[in-house]
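Subject: Structure for your review

Dear colleague,

Please find below the structure that I am handing over to you. My notes on what was found follow directly after it.

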Amino acid sequence: MRVLRRDQPGYPDSLNRLADPPRRLHVVGDLPGGPAVAVVGSRRCTRYGATHARTMSRAIVGAGWTVVSGLARGIDTAAHLGALDGDGRTVAVLGCGVDIWYPASNRPLGERILGQGAVVSEYELGTEPAPWRFPARNRIIVGLSDAVVVVEAAERSGALITARLAMEHGIDVFAVPGDLERETSRGTNRLIADGAHPIVSPREVVEMLERVLGPSAPAAGRSAEPMLRGPMFVHEVAAAMGITIGEASRRVSEWELAGLVRLDSGMVEPVN
Amino acid sequence: MFSSITSAAQIGVEARQVHVEAHVESGRAAFGIVGLPDTAVREATHRVRSAFANSGYRFPRGSHLTVNLAPAALPKSGPAFDLPIALSVLAAERLVPPATAHVVAVGELALDGKVRLSRNILAAARVARRLGRPLLIPRGGEEEAFLVDGVDVRAVDSLADAVDAALDVGRRLTPPDTGEEPWSGPDLADVKGQPVARRALEVAAAGGHHVVLIGPPGAGKSMLAKRLPSLLPPMTAEERLETASVWAASSRAPRPDGRPFRAPHHSASAAALLGGGSGLPEPGEVSLASGGVLFLDELGEFPSHVLDGLRQPLEDKQVTIARRGATVRYPATAHVVAATNPCPCGYRGDRVKACVCGDAEIRTYRRKLSGPLLDRFDISVAMGRPDSFEGGAEEGSAEVRARVMAAREFAAQRGDEWDREASSVLARALADGVLTGRGHDKVRRVARTVADLAATDRVALDHVLEAMSMRAA
């Protein structure tokens with residue numbers, strides 16, 4: 001672990017844009033340089049959100065950018081996973097000491113992130129997670145990023161605070177629109193009404209970000225395995241691949257035998 | 001003077017012959033019934049006395065009348081013995097020709113001499129068949145009596161009518177021509193979408209596999225379950241008789257016309273599900289559904305001791321209930337369909353609503369479900385809420401049923417061969433830990449059924465792969 005002081009070289013310059021930059025930043029792993037995009041959203045997310053967070057993060061690292069998120073459940077987890085899927089770089093900003101994994105179930109994910117990026121926090125070692133520390137953590141996510149993508153957010157949620165903070169600092173905010181009835185899309189729909197850029201198609205996310213971040217430098221990543229994202233029903237696999245239900249059931253079993261997915265309550269889940 | 005006439009009692013699914021003996025002697029005036037009668041049987045004396053008076057028969061005055069229901073150690077219950085008691089007394093008093101007693105009779109008497117519909121009709125029909133004697137039943141019970149082939153059924157309206165019918169061979173009824181009646185219940189065509197669940201239900205129907213449907217509220221789990229009977233072949237005569245025998249032992253009515261569909265609530269007691277009660281044990285839901293479908297909605301809400309109790313009956317295809325009164329055995333041949341939410345809140349994996357369950361909650365929920373009962377399910381299906389209610393016409397039950405029947409016929413005469421590739425994939429999956437030992441057996445069974453639906457003797461890799469995708473966790 002390294003401690004970066006504000007007055008010393010190596011401290012990320014982008015943090016100085018904040019009104020109250022952290023005095024010290026604890027870093028485990030390598031803090032990547034270059035443009036970074038925050039991908040954030042609710043801890044309680046739907047499959048819609050989780051799927052798109054993961055695919056977009058994968059596209060973002062595919063363009064050579066870094067994905068920044070908060071290592072929380074839900075959208076944050078999907079965002080980090082998407083970056084790891086694409087062998088890209090990702091940074092997790094914690095609301096507790098960097099020696100504490102919260103939630104504990106995300107410890108394996110955190111350890112994988114260390115191999116492809118960094119885990120950072122402004123808090124001293126041993127600082128326990130607490131609700132009031134998360135908004136402060138969110139400002140660091142904004143500070144480290146050149147654009148913010150909000151995937152899913154209910155009407156009063158931490159992800160919205162992050163988005164408003166970004167807007168105040170003149171950082172571009174992108175939001176994923178959703179069903180009008182869906183609670184976890186009310187916040188993102190509202191953001192769009194308030195001036196965030198809507199992400200109209202998952203395939204366009206890189207093009208849209210290029211307008212803000214400049215041209216991308218695609219990294220040579222793994223070839224895309226089309227079906228390995230998010231839990232899916234067999235009929236969705238069939239629809240996505242344009243094959244019959246029978247073929248899809250057989251394909252899913254082949255993937256399972258190859259150790260790529262597992263069946264959980266009849267749904268197809270990628271093995272992380 | 002003595003007379004004896006035959007009646008019957010339903011003991012479990014068995015039809016037991018009961019001799020209704022009457023003996024008249026002079027002495028102190030009395031009318032007693034012996035042979036372990038319950039209150040309803042004992043009260044027959046009042047009904048028989050009044051029925052005599054209102055049918056134009058003179059009830060013997062000043063005679064000592066004893067009625068014995070033999071075997072004397074078998075407990076008798078209900079008013080269905082009224083008619084045989086009355087006929088036996090009439091014959092003992094020589095008020096009617098002795099030939100009147102050469103029948104099997106069952107029915108309840110009204111005070112005015114009319115004969116009322118009663119229980120024990122099926123049991124009496126089976127006894128009549130065994131003895132080759134005519135059967136007197138209350139009018140309205142014909143359908144039940146005709147479930148037994150080759151019985152001389154004579155329906156009667158009153159006590160006097162019963163005496164006529166007993167002596168008149170012309171009263172024999174002809175059974176209606178029960179052709180294949182069209183399915184009248186809900187049809188699979190009403191279910192929109194859900195192609196994976198439809199296929200799973202077809203495989204389940206073809207192979208007699210138990211199925212568990214996993215999905216959020218509103219996915220159409222119970223709608224689908226209610227349509228499984230429509231995918232099964234029409235009942236055979238034996239199946240109809242078996243189901244009717246179970247229902248005859250139950251106080252529940254009416255007996256379903258075709259294959260039964262029973263959906264006990266999760267608050268039902270173990271006795272309601274498995275059978276029991278004081279005295280003669282009654283069949284539970286698991287037996288009442290025999291030949292049809294037992295639907296366990298909200299599987300996770302059933303108390304675990306009740307689910308554990310279901311395990312053995314489903315394995316043995318019968319349930320044995322021992323009570324003080326008797327030990328009886330009922331069939332448990334129902335096809336089980338269970339439904340459950342994927343997680344406590346129900347919305348895990350949903351497109352629209354967020355799941356609010358924590359990982360630990362989901363694990364606890366799974367642990368409860370994946371107990372020994374879930375092991376009995378060969379097939380599981382994950383269902384999402386339908387995308388939209390529009391779309392083209394869906395395939396109806398009749399088409400699927402035709403394929404199910406073809407597969408069942410094929411299965412009855414085929415060999416059991418396996419492609420080497422199919423066997424080796426299964427063996428490897430077991431060795432790699434992708435399948436558990438039990439999972440391996442389930443996939444084997446379901447793969448065999450998938451091959452039967454394809455009308456092929458040899459189970460191929462494709463059949464195994466499809467079966468794997470359907471296995472229950």
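A:Asp87 sits in the loop that runs between helix H2 (75-85) and strand E5 of chain A. Although A:Asp87 is not a glycine, its phi is positive, at about 55°. Please bear in mind that this is a predicted model.

In chain A, the bond joining A:Tyr102 and A:Pro103 is cis, with omega at about -10°. A:Pro103 belongs to the loop between strand E5 (90-93) and helix H3 (107-116) of chain A. In chain B, the peptide bond from B:Ala70 to B:Pro71 is cis, and its omega is near 5°. The loop that holds B:Pro71 lies between strand E4 (63-70) and helix H3 (82-92) of chain B.

I turn next to the helix packing in chain A. Two packed helices are described by the angle between their axes and by the distance between those axes. For helix H1 (residues 47-62) and helix H7 (residues 205-213) of chain A, the axes come within 9 Å and cross at roughly 55°. H1(A) is therefore oblique to H7(A), and their crossing is right-handed. On the H1(A) side the contact is made by A:Met56, A:Ala59 and A:Ile60, and on the H7(A) side by A:Val205, A:Val206 and A:Leu209. Sorted by class, this contact of H1(A) with H7(A) has 6 nonpolar residues, no polar and no charged ones.

A second pair in chain A consists of helix H4 (residues 133-144) and helix H5 (residues 158-168), whose axes come within 9 Å and cross at roughly 45°. That angle makes H4(A) oblique to H5(A), and H4(A) passes H5(A) in a right-handed crossing. H4(A) contributes A:Phe134, A:Pro135, A:Asn138, A:Arg139, A:Ile141 and A:Val142 to the contact, while H5(A) contributes A:Gly158, A:Ile161, A:Thr162, A:Leu165 and A:Ala166. The contact of H4(A) with H5(A) comprises 7 nonpolar, 3 polar and 1 charged residues.

As to domains, the assignment for chain A gives domain 1 (2-213) and domain 2 (234-270). The C-alpha centres of domain 1 and domain 2 of chain A are 31 Å apart.

In chain B, 5 strands form an open sheet with parallel pairing, in the order E11-E14-E17-E10-E18. Strand E11 (261-262) and strand E18 (379-382) of chain B stand at the edges; each has a single partner strand, so one side of each is left without a neighbour in the sheet. Within this chain, strand E14 (residues 293-296) and strand E17 (residues 335-340) pair in the parallel sense over 4 bridges. B:Val293 has B:His335 in E17(B) as its bridge partner.

Finally, the contact between the chains takes 27 residues from chain A and 26 residues from chain B. On the side of chain A that touches chain B, the elements giving two or more residues are H1, helix H6 (183-193), helix H8 (234-241) and helix H9 (245-257) of chain A. H9(A) supplies the largest share of that side, namely 9 residues. By class, the residues of chain A on this side divide into 9 nonpolar, 9 polar and 9 charged.

With kind regards

Technical notes. Residues numbered from 1 in each chain as written. Chains lettered and ligands numbered in written order. Predicted model: local features only at pLDDT ≥ 70, side-chain atom pairs only at ≥ 80, totals over all residues. Axes fitted to C-alpha atoms, helices over the stretch in contact; angles between N-to-C directions. Parallel < 35°, antiparallel > 145°, perpendicular 65-115°, else oblique. Left-handed = near helix turned anticlockwise from the far one by under 90°. Contact = placed C-beta atoms within 7 Å. Nonpolar A, V, L, I, M, F, W, Y, C, P; charged D, E, K, R; others polar. Domains from an automatic or database assignment. Pairing = 2+ DSSP bridges.
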